[in-house]
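Take a look at the fold below. Keep it in view while you read.

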Amino acid sequence: MLATVIPALEPVLLPVEGVTERFPVRRVYCVGRNYADHAIEMGHDPSRQPPFFFQKNADNLYAGSEFPYPSLSSDVHYEVELVMALAAGGANIPAGEALSKVYGYGVGVDFTRRDRQAEAKKMGRPWEVAKAFEKSAPVSALVPAAKIGHPQQGAVWLDVNGERKQSGNLNQMIWKLPEIIAELSKLFTLAPGDVIMTGTPAGVGPVKRGDKVACGVEGVGELTVTVV
Ligand code: MN
């Protein structure tokens with residue numbers, strides 16, 4: 001390995017259920033408005049528009065039990081999502097081949113500075129401040145598709161302090177998993193390690209310090225974080 005003039009970046013590694021080897025994260029893509037009822041609650045057209053994507057940073061993802069409330073926001077929202085982790089990539093991947101690229105799945109939260117996002121939308125500014133801040137995406141251990149298959153339906157839920165806030169089903173996705181990969185790979189050349197957060201159902205809302213956020217995707221896993 002060549003010497004570096006400053007410390008080289010450590011890879012972001014997510015745990016995988018049942019094995020000691022970890023999953024190295026390359027890029028993180030997120031799908032916007034992929035459940036009709038969430039599009040409606042955000043004031044948007046729920047019909048099948050072409051999907052749009054935004055990114056978080058690889059090091060925003062972590063397997064941890066604490067979510068640090070970020071600076072410069074007073075309206076931080078949870079969004080529970082099915083997380084898809086790729087073992088292979090490519091450009092212009094046909095939907096029919098897309099699932100063969102998936103290593104496995106997990107449960108994640110796309111924490112969002114909603115006030116900053118609303119401001120960005122209004123001003124026509126980018127979303128990074130709202131979406132791509134440190135520790136903005138706690139993720140469960142990944143589960144290999146070889147073990148659980150490719151989930152097409154199943155409850156997607158999130159509780160805050162024991163109260164159910166989000167209650168959707170994977171079968172409500174506007175763009176299904178193979179279509180997400182196919183569409184994304186028209187825009188970007190995907191590669192092993194890429195992670196896709198697949199959108200959230202309705203019921204998003206704010207958290208405050210001390211809240212206990214528990215969430216899960218049926219057949220995939222569960223995740224609990226405390227807001228600190
Ligand atoms: Mn989201």
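The model is predicted.

Glu81 sits in strand β8, while Asp110 sits in the loop between β9 and β10 (112–113). The two are 29 residues apart in sequence, so this pair ties together separate parts of the chain. Are Glu81 and Asp110 buried or exposed? Both Glu81 and Asp110 are buried.

## The nonpolar cores

The largest nonpolar core holds 43 residues. Phe111, Ile180, Ile181 and Ile196 have the most contacts inside it. Several elements give two or more residues to this core, including the strands β3 (28–31), β8 (80–86), β9 (102–109) and β13 (155–160) and the helix α6 (177–187).

Now focus on Ile180. What does Ile180 touch, leaving aside its neighbours within four places in sequence? Its contacts are Val31, Asn34, Phe53, Met84, Met173, Trp175, Ile196 and Thr198.

Most residues other than glycine have a negative phi. Asn92 is not a glycine, yet its phi is positive, at about 50°. Asn92 is found in the loop between β8 and α2 (95–98). Why does Asn92 count as exposed? Its relative accessibility is 55%, and exposed means over 50%.

Lys135 also has a positive phi, of about 60°, and is not a glycine either. Lys135 lies in the loop between α4 (128–131) and β11 (137–138). Its relative accessible area is 38%, so Lys135 is partly exposed.

## The largest pocket

Rolling a probe the size of a water molecule over the atoms shows where empty space is left. Here, the largest pocket has a volume of about 160 Å³. How many residues line the largest pocket? There are 15. Nearest its centre lie Arg33, Asp45, Ser47, Gln49 and Pro50.

Sorted by class, the lining has 8 nonpolar, 5 polar and 2 charged residues.

Technical notes: Residues are numbered from 1 along each chain as its sequence is written. This is a predicted model: local features need pLDDT of at least 70, side-chain atom pairs count only at pLDDT 80 or more; totals for chains, interfaces and linings use all residues. Side-chain values use heavy atoms; hydrogens and water are left out. A nonpolar core is a set of buried Ala, Val, Leu, Ile, Met, Phe, Trp, Tyr and Cys residues joined through side-chain atoms within 4.5 Å. Buried means under 20% relative accessible area, exposed over 50%, partly exposed in between (1.4 Å probe, protein chains only). Helices (H or I, at least four residues) and strands (E, at least two) are DSSP runs, numbered from the N terminus. Contact means heavy atoms within 4.5 Å. On a 1 Å grid over the protein atoms alone, a cavity is a set of points where a 1.4 Å probe fits but cannot get out, and a pocket is an open set with protein on both sides within 12 Å along at least five of seven lines; lining residues have an atom within 4 Å of a point. Grid points are joined across faces, edges and corners, and a volume is the space filled by probe spheres set on the points. Ala, Val, Leu, Ile, Met, Phe, Trp, Tyr, Cys and Pro count as nonpolar, Asp, Glu, Lys and Arg as charged, and the others, Gly among them, as polar.
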